[in-house]
Number of protein chains: 2
Amino acid sequence: MTGPTEPRTRSRRSVERPPVTAAMIVEAATALTAEGGLEGWSTRQLAGELEVWPRVIYHHVGDRDAVADAVADRVVGRIRVPEPGLPWRQWFEELLLGGREVLRGYRGVARRLVRTGPILPSALAIMDRGVLVLRDAGFADGATAAYRYLTNSAYLLVAVEDDRAEHLPDARARLAVTLAAHRDDPEHSGLAEVGRAVMGRGADDPGAIRAVEEEFYAYTVARSLDGVGMLLGDRA
Amino acid sequence: MTGPTEPRTRSRRSVERPPVTAAMIVEAATALTAEGGLEGWSTRQLAGELEVWPRVIYHHVGDRDAVADAVADRVVGRIRVPEPGLPWRQWFEELLLGGREVLRGYRGVARRLVRTGPILPSALAIMDRGVLVLRDAGFADGATAAYRYLTNSAYLLVAVEDDRAEHLPDARARLAVTLAAHRDDPEHSGLAEVGRAVMGRGADDPGAIRAVEEEFYAYTVARSLDGVGMLLGDRA
DNA sequence: ACCTGAACACCGTTCAAGT
DNA sequence: ACCTGAACACCGTTCAAGT
């Protein structure tokens, strides 16, 4: 109903401010993503942030999907590509542990990264290096599959972490209650096992939760590296 | 504006039809999910399908999230739990390959399954058996982590397959073009590697695409089983 | 208890002009 | 070329009654 600016001096933006550019739109969208995730803002909010009408977004960048792709590309571009020459296992440990730090700051980008893959130019650049690292390590024809497997494993786990943070802040509590109900239940001794494993940690303290998440992420990366490592005959 | 029925005889549902129940709502939502995925229907469409006003959904089941949870629980309940007594590796191969068949019929459920985990009663029942299988195989305290890792690896991959089917029907073509541009590019020899791997397959034919997806899913399951297997000292 | 209408506060996207 | 207004066709959810 009312325009995007509030004092409504009508020509305020066009007179007092530089014209909006595509870069400014992506910049603002990236900031909104840092706050509420890639699905946490609307095109209308983004337009409001820049004090323009929604139509301007379409003019400079495109629809919501195009803006989201641009944000994802920017964020993935911040992932540091490890030094070439490192042993393949260490190269991927650095990429995947470092990548998580970047991606978790922009919820929803991990999911999009895995979905679109090397369609994002920044993801393509990383893949280029990673496949070479694996080829040099002796994976031969299997380098592409191994690369997809390793990055999928890790970044998909980041995507679930994002999902849980976004949708179910109380899910841990619900789960704890469910599992506690089966603790010492002889009919479901598998669940009792899980219950003991989950309850042992301080499930209340957010710091402890983060530590458990990080531990499971490291576990995931390690198991996946072990899994592809066996293709080389690495039986360490 | 107009009511949910079209002939608009106003009392049609209440006179000619049995009252709507929670089970009917979940049934209809499951059918809509089979058609367009878990995010592919709205509460208003669901109400329209049952020829009632949207408010009725809330009365019997709850909000959109509650309906989606109920659908996910129903779908996960259709996953066949393998025989106990199978070797652990074979038990998980059957669970994860069979689970994919069920989940792919209801796009979006895999993502929700991984996000909510054993909060879904049907997922809890499977976890109960799976953790026991791993404990009996000798994983001891590591059974819970191994269970989460194995099911995450597999079902998260199903979730991306769903995502790609839903959001980017033309993504394969875009990727093929991107990679083809770097084929035989000496500056990006890693990408050339990928290009050769991707182009080798008939990327046009949908049957070939499905076969490639299935092959990568089997690869993922195998590598993840290898990865946790190393924890047992399985160096086959 | 179950359902009807209608409303509230949003979406993404597009049309048709304006400067 | 860039931006304004306004509209179109949707959302999920809730209010206030009706039977």
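This is a predicted model: local features need pLDDT of at least 70, side-chain atom pairs count only at pLDDT 80 or more; totals for chains, interfaces and linings use all residues.

Student: Is B:Thr178 buried, exposed or partly exposed?

Tutor: For that you look at relative accessible area, where the middle class lies between 20% and 50%. B:Thr178 has 23%, so it counts as partly exposed.

Student: And which residues is B:Thr178 in contact with, leaving aside its neighbours within four places in sequence?

Tutor: Those would be A:Pro118 and A:Leu124, both across in chain A. For a distance within chain B, take B:Gly195: it is 17 residues from B:Thr178 in sequence, and their C-alpha atoms are 8.9 Å apart.

Student: Now the whole interface. How many residues of chain A are in contact with chain B, and what area do the chains bury?

Tutor: Read the count and the area side by side. On the count, 54 residues of chain A meet 54 residues of chain B. On the area, the two chains bury about 5,100 Å² between them, with 62% of it on carbon and sulfur atoms. A:Arg115, A:Ile119 and A:Tyr149 supply 13% of the area that chain A buries against chain B, more than any other three residues.

Student: What about salt bridges and polar contacts between chain A and chain B?

Tutor: There are 4 salt bridges between chain A and chain B. One to look at joins B:Arg111 and A:Asp163, whose closest N and O atoms are 2.6 Å apart.

Student: Which element gives the largest share of the side of chain A that touches chain B?

Tutor: That's helix 9 of chain A, with 12 residues. By class, this side of chain A has 27 nonpolar, 13 polar and 14 charged residues.

Student: Last one: which residues have the most contacts inside the largest nonpolar core?

Tutor: That core has 124 residues, and the ones with the most contacts inside it are A:Leu46, A:Phe92, A:Tyr155, B:Leu46, B:Phe92 and B:Tyr155. Zoom in on B:Phe92: not counting residues up to four places away in sequence, it touches B:Gly130, B:Val133, B:Leu134, B:Tyr147, B:Leu150 and B:Leu225.

Terms used: Residues are numbered from 1 along each chain as its sequence is written. Chains are lettered from A and ligands numbered from 1 in the order in which they are written. Side-chain values use heavy atoms; hydrogens and water are left out. A nonpolar core is a set of buried Ala, Val, Leu, Ile, Met, Phe, Trp, Tyr and Cys residues joined through side-chain atoms within 4.5 Å. Buried means under 20% relative accessible area, exposed over 50%, partly exposed in between (1.4 Å probe, protein chains only). Contact means heavy atoms within 4.5 Å. Buried area is the accessible area (1.4 Å probe) that two parts lose on being put together, summed over both. A salt bridge is a side-chain nitrogen of Lys or Arg within 4 Å of a carboxyl oxygen of Asp or Glu. Helices (H or I, at least four residues) and strands (E, at least two) are DSSP runs, numbered from the N terminus. Ala, Val, Leu, Ile, Met, Phe, Trp, Tyr, Cys and Pro count as nonpolar, Asp, Glu, Lys and Arg as charged, and the others, Gly among them, as polar.
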